[in-house]
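Please keep the sequence and the model in view while reading.

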Amino acid sequence: MGYTEGGLKNEVVNIGAIFTFSTINGKVAKIAMKAAEQDVNSDPSVLGGRKLAITLHDSNFSGFLSIVGALQFMESDTVAIIGPQTAVMAHVLSHLANELHVPLLSFTALDPTLSPLQFPYFIQTAPSDLFQMTAIADMVSYFEWREVIAVYTDDDQGRNGITALSDKLAERRCKISYKAALPPEPKATRAQVFDELVRIKMMESRVIVLHTFSKTGLLVFDVAKYLGMLESGYVWIASTWLSTVLDSTTISSKTANSIQGVLTLRHHTPDSKKKREFLSRWDQLSNGTIGLNPYALYAYDTVWMIAYAVKNFFDQGSNISFSNSTTGTGVLGGKLNLGALSIFDGGQQLLQNILHINMKGLTGSVRFGPDRSLLHPAYEVINVVGSGFRQIGYWSNYSGLSIVSPETLYANPPNRSRANQQLHGVLWPGEITKRPRGWVFPNNGRQLRIGVPNRVSYRDFVSQEKGTDDLHGYCIDVFTAAVALLPYAVPYKFVLFGDGLKNPSYNQLVYKVFSNDFDAAVGDIAIVTNRTKFVDYTQPYVESGLVVVAPVKKSNSSAWAFLRPFTPLMWAVTAAFFLIVGAVVWILEHRINDEFRGPPKKQIVTMLWFSFSTLFFSHRENTVSTLGRVVLIIWLFVVLIINSSYTASLTSILTVQQLSSPIKGIETLIASNDRIGFQVGSFAENYLSEELEIPKSRLVALGSPEEYATALESGAVAAVVDERPYVEVFLASHCKFTIVGQQFTRSGWGFAFPRDSPLAVDMSTAILALSENGDLQRIHDKWLKNKICSDNSQLEPDQLQFKSFWGLFLMCGIACFLALLVYFCMMFRQFSRKFPEQGPSVHGSSHNSRFQTFLSFVDDKAGGSKGNSKRKREDTPFDSIDREEDESRNGSRLNGNTGL
């Protein structure tokens, strides 16, 4: 392999540039690059006396000429190439750069798919189109449009840019509804553009994104103006190509008229002294032939990036050298001298120096991030007005849309919240300031086909007037009232769905919207999960949900009606606690209270009398011990609650005519094997079988209210499960049935539209307006106001169960247990003091004797107790305990005196 050194011992650093110099960007790039070359060479501190030589190659829109130019540069010891101008050639030439280690730097080939992983020697020195598409997506979301149409040049940069836009729109729940591809620049003809725009004009969306180049872009606007597509209602967003036209050329009045109200983007470069000085030089540099645009600034900075990278290259002790490449030798019989291509030995080092550049250029701070994109990409949002334009805000990757310059925002934490996104007012096409809706009904002369269920029952909701095509009913009135509130006309016609012999399947009706057989579906359509996978619903206009309807019968009164408020378990537990509390109070009071003493028979009667008399708070016996009073207070509280609940329930039972049903709700139906009725076409069938796992053999389809009543009365079904609005209409004329249990699903009825339909959003807003102004309620009352059933009855209330009161009983039981525990501890302590143990006993009966002594001690009347009740009533709650302690001390002294 041969080896060559750079010419004149590296005294000249060769740089190549490949552009189409007849284009706007090619013209400004040529001027800027030559100016940068002159400035670099005039500063000996940069290259230390070496000269930078930029060789220009005009590709003239030809990919072949671009390749030829690149190969010529590779043969002439070029260390870097600026360009190419288009992404198409960037993809091709990057393979050469990878092979020969020559960095490619482009500020116009901004295709987002030019990955540094695939093309490590390709560097974008201006923000990638990924950021531009993110800015456009943020604008679409800011103005609350859901769909856009993309018109683009069908090349790598156009296709990949629109793909990036589609991804960014999807992140914001928007989408591209149609993509119109035009031939690559400059091959698009007026006829081709005309055909595409005519097709677009017939579509629904009125937001059009134009991502192309200047010649094709201006042709599109000229044809659009001719077709009336720059009038009120249209929105045009052009990529940065339009701002370069406005900055660098003088547009004719005809062109100005064709771009009025258009929004476009321009690369934002912060103001600086260096930039102002360059602007003042521009007229001299260009001889007034072309205006300055941001791409000229990026071209100038790109040259300086290479110059600084080469300076660092030399400062690192490296020399420019090339090795002869054998790649491609002999190809085409040697006619194309590919063997003359040289590999730049220092290419990798120069590449790293470029990627680590940190300088202040005309475009601001120039630094690359970890992903090799420039830091802080930003754009200016421009609105074309009159013969010029005005800036309405900024977009930055840092904080999104704002009316404050990005440099100001960088000092604060990033904020991409919806409330923080701002732009100044826009003058839209047609010279209107109100934000366009962004869509219209397709201009194809076709009315919207609105599918309506052809019901055979519950015709108050939807029905057809006999002998006519007119439809009426609650759902129809809601729809027509909502359409009347829309700020635009909606041409539509109703199309019945169903055979008229039975209610149609609502799942199939909704699927017809999904398959575009219908443009919408109107009727009593429940909003359920599986349907939302195919269509979008409006705001619900009526609440709904599944309920259980069952037959009921009147409850016959009996001599034992007073037992009905409580369940048997509740009666048993309550009676047991009366006895338990009576026994506890007797134990606590027996030793110190004369009213709880006497013969055994009397004490039993006293205990029973005392416990049950607390039910009426009429007990005569006084409690004198602290523990007894605590237990009694808690028990009286429990009795109060139980007594009040019993009284309320018994009053309801005896004063209101009651209905009873063995079915208490959906739980009863699930646990049984009874047959269940449902309405034909309703989602109730799927819900019962799939969600509640009720066998389909138990489900019976019923088609009308009359069939409901017949099936329930005959016992063919134990209950019917249906949506509440239907049930309310049914019960208004069938008093033998009622709703049992609670509503066990929550949903509503809405109108179905295709996914992402903007009409669904506007209809939801209209329905909310109907609700707020009261019209929705008036329509409801007109069609569905329930008639009062002649039999004013209600279901029998549930009996009071133990589970509702177990907390009270638990509290009382704990109080009794603790009181007994404290009491016996005290008794044992007193007994131990009065009768201490005499040591080990040889008799086996001594323990029994001591236990009998303890029982006698507990049964004995306390010595300090007074017999008369008057004294007892004057005792404080602590007197009994004090007397017991005095008695214990006296007993201890007595034992000491007797030598026990």
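Buried means under 20% relative accessible area, exposed means over 50%, and partly exposed lies in between, with a 1.4 Å probe and protein chains only. The model is predicted: local features need pLDDT of at least 70, side-chain atom pairs count only at pLDDT 80 or more, and totals for chains, interfaces and linings use all residues. Residues are numbered from 1 along each chain as its sequence is written, and side-chain values use heavy atoms, without hydrogens and water.

**A buried residue**
- I237 belongs to strand 10 (residues 235-238); strands (E, at least two residues) and helices (H or I, at least four) are DSSP runs numbered from the N terminus.
- I237 counts as buried because its relative accessibility is 0%.
- Beyond its neighbours within four places in sequence, I237 is in contact with residues including M139, W145 and L263, where contact means heavy atoms within 4.5 Å.
- M139 lies 98 residues from I237 in sequence, and their C-alpha atoms are 9.2 Å apart.

- An open sheet with mixed pairing has the strand order 30-29-31-26-32; two strands pair if DSSP finds at least two bridges between them.
- Strand 30 (699-702) and strand 32 (737-740) are at the edges with a single partner strand each, so one side of each has no neighbour in the sheet.
- Strand 26 (residues 546-551) and strand 31 (residues 719-723) run antiparallel and are joined by four bridges.
- V721 in strand 31 is the bridge partner of V548.

**A partly exposed residue**
- L821 is located in helix 27 (residues 806-834).
- L821 counts as partly exposed because its relative accessibility is 43%.
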